[in-house]
Amino acid sequence: MDWIRLTKSGKDLTGLKGRLIEVTEEELKKHNKKDDCWICIRGFVYNVSPYMEYHPGGEDELMRAAGSDGTELFDQVHRWVNYESMLKECLVGRMAIKPAVLKGKLWHL
């Protein structure tokens, strides 16, 4: 219940003052510390630093996905959890779509 109270407090849990951004892989990798921890789940990036002390599996478990795409790890442990609802106040933005090169031409996936 303390986590729910914190998410309803109006405190900026993203660290971005309410704006959503497009996150590159390079940017995501920079946020890999306990006090600055971003995790990508299914293309959405969350600042989970404020959630660290509330995570039932502990900080170490969250840190396994710090600065990276944690979708596979998340699905292995608790695919059934509604992370979108739990972490909506921590949403930083979406992962940037990387252009792909096919037969010498630039395409956007």
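In this predicted model, the side chain of serine 49 reaches the backbone oxygen of lysine 34 at 3.4 Å. A polar atom of the serine 49 side chain also lies 2.7 Å from the backbone nitrogen of cysteine 37. Both distances fall within the 3.5 Å limit for a polar contact.

Serine 49 sits in the loop between strand 4 (44–47) and helix 3 (59–63). Beyond four places in sequence, serine 49 touches Lys33, Lys34, Asp35, Asp36 and Cys37. Lys34 and Cys37 are among these contacts. The relative accessible area of serine 49 is 18%. Serine 49 therefore counts as buried, because the cut-off is under 20%.

Threonine 71 was examined next. This residue lies in helix 4, which spans residues 71–78. The side chain of threonine 71 makes a polar contact with the side chain of aspartate 69 at 2.6 Å. Here the contact joins two side chains.

Isoleucine 41 is 30 residues away in sequence, yet the two C-alpha atoms are 4.6 Å apart in space. With residues up to four places away left out, threonine 71 touches Cys40, Ile41 and Arg42. Threonine 71 has a relative accessibility of 15%. This value is under 20%, so threonine 71 is classed as buried.

Definitions and conventions:
Residues numbered from 1 in each chain as written. Predicted model: local features only at pLDDT ≥ 70, side-chain atom pairs only at ≥ 80, totals over all residues. Heavy atoms only, no water. Helix = DSSP H or I, 4+ residues; strand = E, 2+ residues; numbered from the N terminus. Buried < 20%, exposed > 50% of the residue type's maximum accessible area, 1.4 Å probe, protein only. Contact = heavy atoms within 4.5 Å. Polar contact = N/O pair within 3.5 Å; in protein donor to acceptor, adjacent residues only side chain to side chain.
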